[in-house]
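These are my notebook entries on one structure. I wrote down what I looked up, entry by entry.

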Amino acid sequence: MDLDVFVSAHRAEWDRLDALLRRRRRLTGAEADELVALYQRTATHLSLIQSSAPDPHLTGRLSQLVARARSAVAGTRRASWRDVTHFLGQGFPAAVYRARHWWVPTALVSTAVAVLLGWWIGTHPEVQSSIAAPSQLRELTRPGGEYETYYSSHPAAAFAAQVWTNNAQAAAMCLVLGVFLGLPVLWVLFQNMLNLGVGFGLMSSAGRLDTFLGLVLPHGLLELTAVFVAAGTGLRLGWTLIDPGPRTRRAALAEEGRAAIGMAIGLALVLLVSGAIEGFVTPSGLPTWARIGIGVVAELAFLAYVYLLGGRATRAGETGDLGATERSASVPMAA
């Protein structure tokens, strides 16, 4: 493509579109039709330039022009409670359901790693001694020790808020860092499983595994599921860079990235629930069976939410991505 000839041939159309967009008075019917036609042509011109003769200055100008025209043609809309209802009832559960082939294996493998680490630490005194001095280990694992008092060391509300913030940050890191081929996600996962394995191993070696599970399971089931969902989504995002499928790599990354952003919001709400359980239920005086029962109910409710609502929404065509009207307009790219 001869860029100078192309610009000379179509500059008048771009200038006319810009002039229509700058009109302060209401457009006539004929002018509105002209604006739509010029918007479509300019979008096609932008695609041709990007694929055949990319010029940063011209691409930037036309991108802004197309964005302004699209806003004028499609109009602007504000988020409403209907959007919130759609997100919670369809968008978020569908996104989690679609990612199940990533986060379910992630959960199984990670849990196995945590159990193996816990067994290794619990059955090898030399490993325990490398973690801390014997007196410190006794202080950690004794009845009323640091493992138990950790959950009641701060006011429940403040502790729940702190836990929620930390877990939300970990989930967000998994989602965001997935773009780096998923490698940082594996590191974040390993750190979480190592911490869990250390607690599992030390408490089991002290003969207090039942106490440990009674403290971890009430909030840990839902909390870890949220982390696994975030990690699986991050890994899928990283794999998209390697294998985008029939989509262009750019389009595939944009689609999966938008779904991941929405998932981050939904997982923050899930972690808010697990944080409340950790702050108010885990350190409570309820019997162990009752505390674990609350955690199991919360976990089963989330899984039912994902597999029932999410599965139904997915079969209806929901992807968790933005709707067609909120996404950037796309046109066929020139070969």
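**Entry 1: salt bridges**

I started with Arg 22 and Asp 18, whose side chains meet in a salt bridge, 2.8 Å from N to O. I use the term for a side-chain nitrogen of Lys or Arg within 4 Å of a carboxyl oxygen of Asp or Glu. The background is that side chains of opposite charge can pair when their charged atoms come close.

I note that this is a predicted model, in which local features need pLDDT of at least 70 and side-chain atom pairs count only at pLDDT 80 or more, while totals for chains, interfaces and linings use all residues. Residues are numbered from 1 along each chain as its sequence is written, and side-chain values use heavy atoms, with hydrogens and water left out.

Where do Arg 22 and Asp 18 lie? I found both in helix α1 (residues 3-22), 4 residues apart, about one turn of the helix. For helices I follow DSSP runs of H or I, at least four residues long, numbered from the N terminus.

I then looked up accessibility, where buried means under 20% relative accessible area, exposed over 50%, and partly exposed in between (1.4 Å probe, protein chains only). Arg 22 counts as exposed because its relative accessibility is 58%. Asp 18 counts as buried because its value is 19%.

Asp 18 has another entry: Arg 68 forms a salt bridge with Asp 18, and the closest N and O atoms are 2.9 Å apart. This pair links distant parts of the chain, since Arg 68 is in helix α3 (residues 56-74) and Asp 18 is in helix α1, 50 residues apart. Arg 68 has a relative accessible area of 35%, so I list Arg 68 as partly exposed.

How many salt bridges does the rule give? The count comes to 7.

I looked up one more salt bridge, between Glu 139 and Arg 142, with the closest N and O atoms 3.0 Å apart. Glu 139 is partly exposed at 32% relative accessibility. Arg 142 is partly exposed too, at 37%.

Arg 142 came up again when I checked Arg 208. The side chain of Arg 208 reaches the backbone oxygen of Arg 142 at 3.2 Å. Arg 208 is in the loop between α10 and α11. Is Arg 208 buried or exposed? Its relative accessibility is 13%, so Arg 208 counts as buried. Not counting residues up to four places away in sequence, Arg 208 touches Thr 141, Arg 142, Pro 143, Glu 148 and Met 203. Contact here means heavy atoms within 4.5 Å.

**Entry 2: the second largest pocket**

I wrote down a volume of about 730 Å³ for the second largest pocket. Of the 22 residues that line this pocket, the closest to its centre are Tyr 150, Tyr 151, Asn 195, Glu 223 and Glu 278. A pocket is found on a 1 Å grid over the protein atoms alone, as an open set of points where a 1.4 Å probe fits, with protein on both sides within 12 Å along at least five of seven lines; lining residues have an atom within 4 Å of a point. Grid points are joined across faces, edges and corners, and the volume is the space filled by probe spheres set on the points.

Which helix supplies the largest share of the lining? I found that α11 does, with 7 residues. The helices that each supply at least two residues are α8 (146-149), α9 (156-177), α10 (183-205) and α11 (209-242). The lining divides into 12 nonpolar, 7 polar and 3 charged residues. Nonpolar covers Ala, Val, Leu, Ile, Met, Phe, Trp, Tyr, Cys and Pro; charged covers Asp, Glu, Lys and Arg; the others, Gly among them, are polar.

I picked Val 216, which is found in helix α11. Val 216 is buried, at 13% relative accessible area. Leaving aside neighbours within four places in sequence, Val 216 is in contact with Tyr 151, Leu 196 and Leu 221. Val 216 and Glu 278 are 62 residues apart in sequence and 8.6 Å apart in space, C-alpha to C-alpha.

Leu 224 is also found in helix α11. With neighbours within four places set aside, Leu 224 is in contact with Met 193 and Leu 196.

Notes
A polar contact is a pair of N or O atoms within 3.5 Å; within protein, one must be able to donate a hydrogen and the other to accept it, and residues adjacent in sequence count only if both atoms are side-chain atoms.
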